[in-house]
Amino acid sequence: MEQEEGHLVADADARAAAYLRGIETRRVFPDSDALRALERLDEPLPPVGLPAMDTLALLDEIGSPATVASNGPRYFGFVVGAALPAAAAADRLMLAWDQGAALAMAAPGVARFEQVAGRWMLDILDLPRGSAVGFGTSATACSLGILAAARDALLGRTGWDVGSQGLFGAPEVRVVVPATVHVTISKALRVLGFGADRILRAPVDAQGRIDPDRLPPLDGRTILVLQAGEVNTGEFDRFDVLVPRARAAGAWVHVDGAFGLWARASAHRDRTAGVEGADSWTVDGHKWLNTPYDCSMAICRDPDALARALNSDAAYATGSREAQKNLTLEFSRRGRGVTVWAALRTLGRDGVAGLVERHCAQAQHLAARLRDAGFNVLNRVVLNQVVVRGRDDAETLAVRLGAEQSGEVWFGPTVWAGKPAFRLSISSWRTTDADIDRLVDVLVRAREAHRAG
Ligand SMILES: *Cc1c(COP(=O)(O)O)cnc(C)c1O
């Protein structure tokens with residue numbers, strides 16, 4: 001058994017290394033043969049176990065060709081980033097450790113790494129230093145946890161204790177979100193019991209930011225959700241105007257900064273001015289910081305509010321703000337904060353700024369070249385997102401599908417200002433300036449092919 005474990009790990013490492021060696025040249029989206037080969041997986045559940053080496057081989061032989069090379073340099077979909085070598089390597093070592101990070105008592109080492117990672121996060125994002133930092137699976141899950149804390153805290157101020165009284169019969173809490181709110185915030189709010197009728201969608205300007213002049217009235221029973229990095233345009237809400245207004249009204253301000261909050265760690269920091277005045281923030285590791293999946297952070301100014309809402313102590317309301325199990329939805333979980341520690345330690349403040357700034361400069365270059373080539377760039381490109389449209393709907397679709405078919409690049413569709421478009425996100429540490437030029441070439445060729453019929 002022991003010997004086999006060594007062989008298996010070595011085999012997996014060799015296969016992983018081979019995959020990574022080919023990451024720059026493999027197709028970005030799998031071809032139809034690779035997808036068809038997945039049918040080989042449809043075997044019945046083995047009545048008796050099959051050899052582990054064969055299982056790993058099958059995973060690699062069928063699985064690797066069917067991957068989307070989002071860990072490569074020319075994947076421009078969904079702002080998802082790649083995986084930094086140091087963070088991915090840390091994750092591999094942690095697989096050997098197999099630590100459960102719910103409790104410092106059970107895994108004191110991991111707890112300490114995550115504590116340091118949390119401190120560094122507050123430092124690099126320049127958020128209130130006493131805030132709690134919970135390491136969860138996703139911005140979705142982290143927002144859900146934090147919005148529960150927001151709801152409970154606002155109700156608590158009215159004398160209603162959600163923990164003991166529940167929600168039935170509670171005073172009403174409203175939520176104001178940007179009309180461009182990310183779908184995962186809507187999901188979190190729905191799960192928390194805010195029906196669509198309790199959610200006011202604040203009108204936005206042409207950039208997708210809340211228009212401060214048309215902000216619905218706020219009060220002490222309102223949660224205001226703002227965005228650092230609108231998912232299409234990468235735009236930022238006007239924190240400097242909105243946050244002080246919300247706080248003066250006694251509202252709770254939550255900032256969805258899944259990818260865009262990283263601007264704060266760069267020369268583009270000004271775009272986030274005032275964000276530090278909010279009550280809570282979510283930011284992903286697995287997007288722009290380029291940690292592996294899955295890794296996200298819930299940051300809350302009032303650690304006790306978060307620990308009260310999410311506490312999983314045997315006795316209710318004793319939630320320690322130190323215990324990770326009281327800061328996220330998860331109880332048992334891997335030490336995902338360790339990958340944040342590894343990423344921040346190897347990049348340093350300078351490396352994070354450099355990564356963000358390079359991607360923003362590449363987005364500017366990309367937008368300029370696309371405009372020159374006659375494409376419609378629909379946003380003003382303030383960050384790493386470029387929203388593009390062809391001459392009409394048919395051309396927009398044809399260019400995207402042609403690009404996908406080329407295997408050279410991949411990106412997804414979107415709808416902006418009511419029209420089909422596609423969104424190019426630059427967030428992989430592997431993406432070079434040459435990759436951006438190649439993207440432009442692919443788009444131009446796909447358009448020519450479409451026009452030639
Ligand atoms: C990706 C994203 C989310 C959701 O993040 P997950 O980690 O995928 O759950 C939320 N908001 C914005 C703006 C995003 O880009």
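Predicted model: local features only at pLDDT ≥ 70, side-chain atom pairs only at ≥ 80, totals over all residues.

**The largest pocket**

Mentor: The space in the largest pocket comes to about 1200 Å³. Its lining is made of 36 residues, and Ala 16, Tyr 19, Leu 20, Asn 71 and Arg 92 are the closest to the centre. As for elements, α1 (2–21), α3 (52–63) and α4 (85–97) are the ones that give two or more residues to this lining. The top giver is α1, with eight residues. Sort the lining of the largest pocket by class and you get 20 nonpolar residues, eight polar and eight charged.

For a bit of context, have a look at the second largest pocket too, where about 490 Å³ of space lies. This one is lined by 25 residues, and nearest its centre are Gln 115, Val 133, Arg 321, Glu 322 and Gln 324. Here α5 gives the most to the lining, with nine residues, and β1 supplies at least two. Helix α5 (residues 108–124) also lies across β1, β6 and β7 (296–300), running at about 115° to β1. The lining of the second largest pocket has 14 nonpolar, five polar and six charged residues.

Methods. Residues numbered from 1 in each chain as written. Heavy atoms only, no water. Contact = heavy atoms within 4.5 Å. Axes fitted to C-alpha atoms, helices over the stretch in contact; angles between N-to-C directions. Helix = DSSP H or I, 4+ residues; strand = E, 2+ residues; numbered from the N terminus. 1 Å grid on protein atoms, 1.4 Å probe; cavity = no way out; pocket = protein on both sides within 12 Å on 5 of 7 lines; lining within 4 Å. Points joined across faces, edges and corners; volume = space filled by probe spheres on them. Nonpolar A, V, L, I, M, F, W, Y, C, P; charged D, E, K, R; others polar.
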